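Hi everyone, thanks for making time this morning. Let me put the structure up, and then I'll walk you through a few places in it.

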Amino acid sequence: MPMGHTATAEAGSGGLTATEHRLSNGLRVVLSEDHLTPVAAVCLWYDVGSRHEVKGRTGLAHLFEHLMFQGSAQVQGNGHFELVQGAGGSLNGTTSFERTNYFETMPAHQLELALWLEADRMGSLLAALDDESMENQRDVVKNERRQRYDNVPYGTAFERLTALAYPEGHPYHHTPIGSMADLDAATLEDARAFFRTYYAPNNAVLSVVGDIDPVQTLAWIEKYFGSIASHDGKPAPRDGALPDVIGGQLREVVEEEVPARALMAAYRLPQDGTCACDAADLALTVLGGGESSRLYNRLVRRDRTAVAAGFGLLRLAGAPSLGWLDVKTSGDVEVPVVEAAIDEELARFAEEGPTAEEMERAQAQLEREWLDRLGTVAGRADELCRYAVLFGDPQLALTAVQRVLEVTPEEVRAIAEARLRPDNRAVLVYEPVAGGAQDADAQDADAAATDDTEEAAK
Amino acid sequence: MTELATMEFHPRPQAGEARPWAFPAPERGTLDNGLTVLRCHRPGQQVVAVEVLLDAPLDAEPAGLDGVATIMARAFSEGTDQHSAEDFAAELERAGATLDAHADHPGVRLSLEVPASRLAKGLGLLADALRAPAFAESEVERLVRNRLDEIPHEMANPSRRAAKELSRQLFPASSRMSRPRQGTEETVEGIDAGAVRAFYDRHVRPATSTAVVVGDLTGIDLDALLGETLGAWKGSPAEPHAVPPVTADDTGRVVIVDRPGAVQTQLLIGRIGPDRHDRVWAAQVLGTYCLGGTLTSRLDRVLREEKGYTYGVRSFGQVLRSAPDGSGAAMLAISGSVDTPNTGPALEDLFTVLRTLAGGGLTDAERDVAVQNLVGVAPLKYETAAAVAGTLADQVEQHLPDDYQAGLYRQLAGTGTVEATAAVVNAFPVDRLVTVLVGDAAQIKAPVEALGIGQVTVVTAE
């Protein structure tokens, strides 16, 4: 029987609330009402990602995600796409290290269809999965890999840096897209086994957000998902724990036909869900977020040694997070010049910490990013699932911004001192090889903008 | 577990009763300084979007200074009479705001996004940028160098390289549209603070500009706020720029931009056609969606879901520039990337899809699904303030009435299969398409020549 409780609205959540429920088969459900626009978002997170993949089968979780759009017992071929789009909805799925998500945003009166479709594939995918879809989607995914990684300059940087930052054998050593060889090696039986192992109601969280009637919505969820059997055969993912710091600088130099020298680095940072991770987020924002950050001011504005310089944070719950540095050098500037300036800025920051103004700016930026994410029903549904799957409590999504605003300058300084140091990073340096000087014009009409309706590997 | 599911199946549910939704109608007004203002209250949208359109089109750039509009747009956020460049960036971020600006054929656009609670601060900074930009020599020099550094990155990107080549092929050399929007190395090198200031003085003034403000405006006295901020911007009156006619050579042909060793071929196949002023636009949108709007459209049904040649191929229409008299044009194109060995077969299939469509037309079922999608997604698509503001600004920029988008949805719903077929077949005639391929010429030239889709020339990426 469904049961639930309601949390009260917290500051920073914009008055949003969410209720939690659990079906007898273990499916966790999160509902959140918002009647401002007649739309409803359905989001389903399965607790499986590339970290669950085994040696020789990298890319399987993402390839499998594509197969989830190839039909199930009551849905023919591409019916999932056709029915949702034909109902005026939009949809997609993505795969990351830690989870696979599927989502539909529907006009509110078409909500029941999305629930029916998600339930059909959760319960009966194998009735439709065949060699033809497997072979076709294998080719599609290989072309996805070529388009997004292999055929663009610096395209494999993420993969290379991840492989450096997490040691051989670590569950996060490889990225969700996988290798061509492993994509070729995956069999239909692998896909079937993957579904049987990980696609179960008790390994998923379903959120529905928007212009909904919670009682009716819950009744539909019970009707469509309630009879899907749970099972407990899921092996625990390999342990992602690592020491707090790498303990030495790892380095790889890539000589490729790229347009400019680049310095990229990944710093090992605290896991998501901790105050230290929020502090690291603020540190990276002060140092390398936006155009008033320390690195931007130093490298792009003052030294003029870089075209672009910034830090990003890859938040991870099952392994250390990564602080992501990306600098493309200007003109003939050599990498050591840029690197020395960065080390100087990081060392200075570790010593003095952020100014009051820098804290205010960084917190204002992160707050706006949260408002953006929670400003759409789909964004809200995704965040509720994220906190439910990774941290066991969807309510944490509604208070996340508050936690960022409570971090103190000293906490930010301390995390920078402890983690943003040369002996805690993996460095990737790009040195261009002579491929001939290139013609000097360009076009910004991104006529080839990619569409948002394809399955994506995050 | 068995292969066959043990779950209890239910018939596919029917839709409930649709709840009404309409594209928001803005309120239009003019400030004392001549600035046109469109405003739209969107409850719940805590991040307010402000778009400002300046009548500073690319064809107003002086000869030999392509890119000056872009440098000016970027320089707006590099300091004012109140703040240095670094301080300005810091103040924006302190307000939790972002400010983007870019120059395109119709004019320059500035986009501010800021939490409603800090709208006053954000609008103040935006107004300062427009009213009293510093255009300091050293900052402009830095922006120029930065722009020069970006060019090789864009040239190395297959999709951008393809777009650049298509423009060069389609438009006459005398047309600004034939040349890169943000300038070339030669033209950008010649830009300095004086050139930026001159362009600003000549083309930027409130009387020919429009601001669009969208978001949750509860408790905000927008009139007072606008009066203190954008209202303080002064300038002389002026007539809007005349829009030159757009012409293009769409003689069917193939241009390969050689990229030795490329594992995929980027394809961009296009020509120009009617813009939103033309009665055919709704039918063209509908037909273009059926051709290549999504992965269940005709192109991907074959190229992706049957053959696996690609991650996705799309067809689209994108307005280049519109004129009040309807003489503007849109780029109509098909784009995507396919693996190198299958480039010939993929192009053959693509042209077969076009020929089959011209021969047999669309089905009623295809038309129905497309209408349901295009009309049905509207409330989703316009959930955020930024999306609404963007479309309202596009309408102004394209000389369309403020209720254009609302009317378009009614037109789409009333467009039949025959009209949609005619529109898409006219939009993509197989013998009037310029095909640009960015890929490994040594591997793809012969198979492409064998297709007979036009003369094939190879351009080397010097």
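**A covered helix and the chain contact**

Let's begin in chain B, with helix H2, residues 85–94. Of its 10 residues, 8 are buried, so this helix is largely enclosed by the rest of the structure. Please keep in mind that this is a predicted model.

Which residues of H2(B) are buried? They are Ala85(B), Phe88(B), Ala89(B), Ala90(B), Glu91(B), Leu92(B), Glu93(B) and Arg94(B). And what covers them? From chain A, the cover includes helix H10 (294–302) and helix H12 (356–374). Chain B contributes too, with strand S4 (98–104), helix H3 (119–131) and helix H4 (137–155) among the covering elements. Just after H2(B), have a look at Gly96(B), which takes a positive phi of about 65°.

Now to the contact between the chains. Chain A brings 83 residues to it and chain B brings 91 residues. By class, the chain A side has 29 nonpolar, 31 polar and 23 charged residues.

One last stop, in chain A: Asp281(A), which sits in helix H9, residues 275–288. Is Asp281(A) buried or exposed? Buried, because it has 27 C-beta neighbours inside 10 Å. Leaving aside residues up to four places away in sequence, Asp281(A) touches Leu313(A), Leu366(A) and Val404(A). His231(A), 50 residues from Asp281(A) in sequence, is 37 Å from it in space, C-alpha to C-alpha.

Thanks, everyone!

Notes: Residues are numbered from 1 along each chain as its sequence is written. Chains are lettered from A and ligands numbered from 1 in the order in which they are written. This is a predicted model: local features need pLDDT of at least 70, side-chain atom pairs count only at pLDDT 80 or more; totals for chains, interfaces and linings use all residues. Helices (H or I, at least four residues) and strands (E, at least two) are DSSP runs, numbered from the N terminus. A residue is buried if 20 or more other C-beta atoms lie within 10 Å of its own, exposed if 12 or fewer, and partly exposed in between; C-beta atoms are placed from the backbone. Two residues are in contact if their C-beta atoms, placed from the backbone, lie within 7 Å. Ala, Val, Leu, Ile, Met, Phe, Trp, Tyr, Cys and Pro count as nonpolar, Asp, Glu, Lys and Arg as charged, and the others, Gly among them, as polar.
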